[in-house]
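Welcome! Let's take a walk through this structure together, one region at a time.

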Amino acid sequence: MIANPAAYNEIQGVRLRGPLDVEALRTAVDGLVRRHDGLRTAFVAGGDGVFQVVREDRDRGCPALTVDDVRGRDADEVIRAALREESTRAYDLASGSLFTPRLLRLADDDHALILGMHHLVTDGHSAGLVAADLGEFYRAAVEGRAPRFERAAGSTLDTIAVTGTPDDLDWWRAHLGDGPGAPALPTDRPRTRTVAGRGGAVGLRLGPERAGRLREWSGRQGVTLFATLLTAWRIVLRQYAGQDDFVIGSTFGRRTPETRDTVGFHVSLLPLRGTLTDGTTLTDAVRATRDTLFAADARQHVDLDALSAARHPDPGNPRPLVTVSADLDTAPLTALALPGLRATPLDGGTESAPLELALMATRLPDEDLDLRLRYDADLFDEATARGCLDRLESVLTGLTAGAAETVGDLTPGSDTPAVPDGAHRLRTLWQHTLGPVGDLTPDANFFELGGNSIGAIRLVNRVRDSFGVEYPLADFFADATLGAMTARLAPPRGVTVVDTAPVSDQQARMIAGVLNMPRPEVWNIPTRIRFTGPLDVAALRTAVAGLLDRHHGLRCRFVPGDGQPVPSYGTDDGTGWRQEILDVPPPALPVEDLTGIAAESERLARAEELCREAAATPIAVTGGVPPVPPVLPVLRLLRVAPDRWTLMFVVHHICVDGWSLSLLLGELAALYTAAAEGRPHGLPEPAAQCTDYARWQREHADPAEEARRTAYWTRYLEGIPAAVEIPGDRARPAVPSGHGDTLRGTASGELRRAVERLAAARHTTPFGVAATALGVLVARRSGVRDIAMGTPYAHRERSAFESMVALTSTGVVVRVTPDPDETRGALVERTGAGALEATAHVLPTARIVRALRESGARAVPERFPLTIAFQNSLDTDIEIPGLDVEVDDLAPPVSRGDLSFGLAPRRDPAKGYRTFLEYSADLWDPATAQELLDDWQAVLAELCTRPDAPVASLLNPLQPLRKA
């Protein structure tokens, strides 16, 4: 029981500088009270419980703005006094107003607006509604118009309680288990069975730079800012309580779509259990907190009464399950945009204390982070609470400094304050040894600052004692700079292998390609994502880190096995290399701000240059000095304008294929949206990883089936020409240079509908139509009537592989043999049937090539120089609320073969296809390549518009094609 009726008071406050229209504000408050029933609600006890009673807005005693003219008095003292008064106001729940709006007139152009409320009629979401609606009412009054709202406000009278399921209760019971519950914090005065609720508060503000470092560190760990704050608070409480395992409460909003516009109390304080030890790594700690928050959020509608009863508390122990809490919120009133006024936060707030310790972190519009600790003044002195907050600041500093790896690094002793920043500790030791030497930079030399050999011995001894490590004196004499000592003491940052497997057939084939390709960037898959709008950079960092955390294929390295320098193709299993999954830290994603370049043309040109530089960055897969690094994405975030951003996301083809890229883009949008909204992403875990796929391949190897498929390919490709030459602008060099480029275009929705109609009529696929058109075009250009082309096939053989990011696509060879007397539709049907049969006999390209050579075929290429990609699994049309997003493939100026044609269906069929052609610059000029791309589209249209006409006219190069 809490004796103090003011224990649940809440306060919003803002300082308004500028010409405030007081009467307009009065009108705005009146409108606010009329709009929201919750601000006119009382709670009356009846026979069966407590009932809500909503007053009419004309009733006496309804909330109205009180204006206090305090001009000429000390503004800060007046504000503090008003905040204390509202903190201690004893609201009468049954008859009195639970909302007290006050305006302090500090000067003619300086006012403080304070909104006092009982917690029964407000929560964090309600505070945002109140601030937003108050702003609209004020602007409407100033402008002499009616206020405009998208929807009517909700009423607490219409609210239907959402109850959880029995499964929710079971999860909470398992989560809490038989743990100790609340931390047993030492107090300055003994606890009693009745909580008086007399409170106090201490505060601390982190500026934009420090708050930014916290957000960036959180993003690198793949967690939210709140997960980091809650973990840091748990570390502090662990120090005070001397417990590893305990519960911290946090507020979860129990909102539904029906209550999104309702001012009222729609939250619950839920108990979050966590365990830390000195050996817990900081990354594991914050990620465990993240996972608990996500799981709790998904089950937040649990019946709290049933949960309390399920705990079977000890009747002799009056302590509740939750006595300490942590929350993260915003200060909605400080974001008020009122005509001619500047809004800034007030220093201070409510001091009521329904719990022993309640930490509230508030994100302010200027990127500051306000930390406020409310404490039970009957238990703790102000100095004790201040010590808690100071220790929290030290822990947060230590997290971002980078010197600490484990919880123990931040807590050298449960009874001593943490000194987390290793560099700071070293500077202190240097200053104690040398005396006053001013600011110490990393290149500061001990002897140049006046130190001698005796001092060096003393310093090294102090370092040994302070850090608990051996530090050879000879090492210090070899390099006596502060930076060298810091690096020497930094904990080793090795990588941990979390899984290993042989490479898959596709990965082995890719490694062979990497080793034999003169330009490694040819295997890059670069994606450029443009954002327009208020991008949340921290949420984007969290999203990118989440992708690497979820998908092992994005943090894999490749190691030769048994001393073999290349994969062995002498056996059928493709072994010779292995893949290792590493536990890597979240990637850094610094912002490269180009807004300082004044001229827009120069700024855009620079952005394009940086994007192309990222796209062409070689990503090493093989070689290098051990330990071999993982094949990580290349990331680059550019700010092109205040509201325009570009993310380059470049991955190696050995890690992903088109299917995988679609998954990653979709998940990036989901992870970003969830992080920006501060909620769990709700994505299911991938059902399989790249190592699972490789093991599955070997476990399901079937020599008899492979022999059957090999026989098929020998028959299907019997007699194919050794080479088909399309006349180019230059003779073919003896060794390809790898230089090339990619052309892009679009095909209309009308053509797409025609392709799909023809495919349906001929019982084939749109790919079959596209491949037929390309075969006819090449036959037309080359004079050869037998065209073989490679095509990637997604090859997701099990449903478990559909959520997997990995290279599973396999090259399939499609043969087009146009007969001049055959109708175009018949050729489409025959080619499509052959393509479908080919995909039913998938084999790695290396196996097909070897089979052809063993059957006596001559001059069989390692790779088919002509390819076609129908990317119906690639969906780059993603949507993120509040942002316009454009995605495009920014290919580097390289080419893997002679010609690679592609079609990618858009998500909206009316938008048709994206088209592309990657061509070798060894053979073709851009104009010729463009002509080839245009002619392919023209042949495609001819096939569809006149399917019953003979093929002959399309094969005749003298017969012009009708261009779109």
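In this predicted model, the largest nonpolar core holds 72 residues, and those touching the most other members are Phe 531, Leu 535, Leu 540 and Phe 558. Helix α18, which spans residues 658-677, gives this core its largest share, eight residues. In soluble globular proteins, nonpolar side chains tend to be buried together.

Setting aside neighbours within four places in sequence, Leu 535 is in contact with Leu 540, Leu 637, Trp 645, Tyr 672 and Leu 883. There is also a second, separate core of 65 residues, and among its members are Trp 713, Leu 743, Cys 944 and Val 951.

Now turn to strand β13, residues 369-376. Eight of its eight residues are buried, so β13 is largely enclosed by the rest of the structure. You can check this face by face: Leu 369, Leu 371, Leu 373 and Tyr 375 are buried on one side, while Asp 370, Arg 372, Arg 374 and Asp 376 are buried on the other.

Which strands pair with β13? One is β7 (residues 199-206), which pairs with β13 in the antiparallel sense over eight bridges; here Ala 201 has Arg 374 as its bridge partner. Another is β12 (residues 357-363), also antiparallel to β13, with seven bridges. In this pairing, Tyr 375 of β13 stands opposite Leu 357. β12 and β13 form a hairpin, with five residues between the two strands, and in the turn Glu 367 has a positive phi of about 75°.

How values were computed
Residues numbered from 1 in each chain as written. Predicted model: local features only at pLDDT ≥ 70, side-chain atom pairs only at ≥ 80, totals over all residues. Heavy atoms only, no water. Core = buried A, V, L, I, M, F, W, Y, C linked by side-chain atoms within 4.5 Å. Buried < 20%, exposed > 50% of the residue type's maximum accessible area, 1.4 Å probe, protein only. Helix = DSSP H or I, 4+ residues; strand = E, 2+ residues; numbered from the N terminus. Contact = heavy atoms within 4.5 Å. Pairing = 2+ DSSP bridges.
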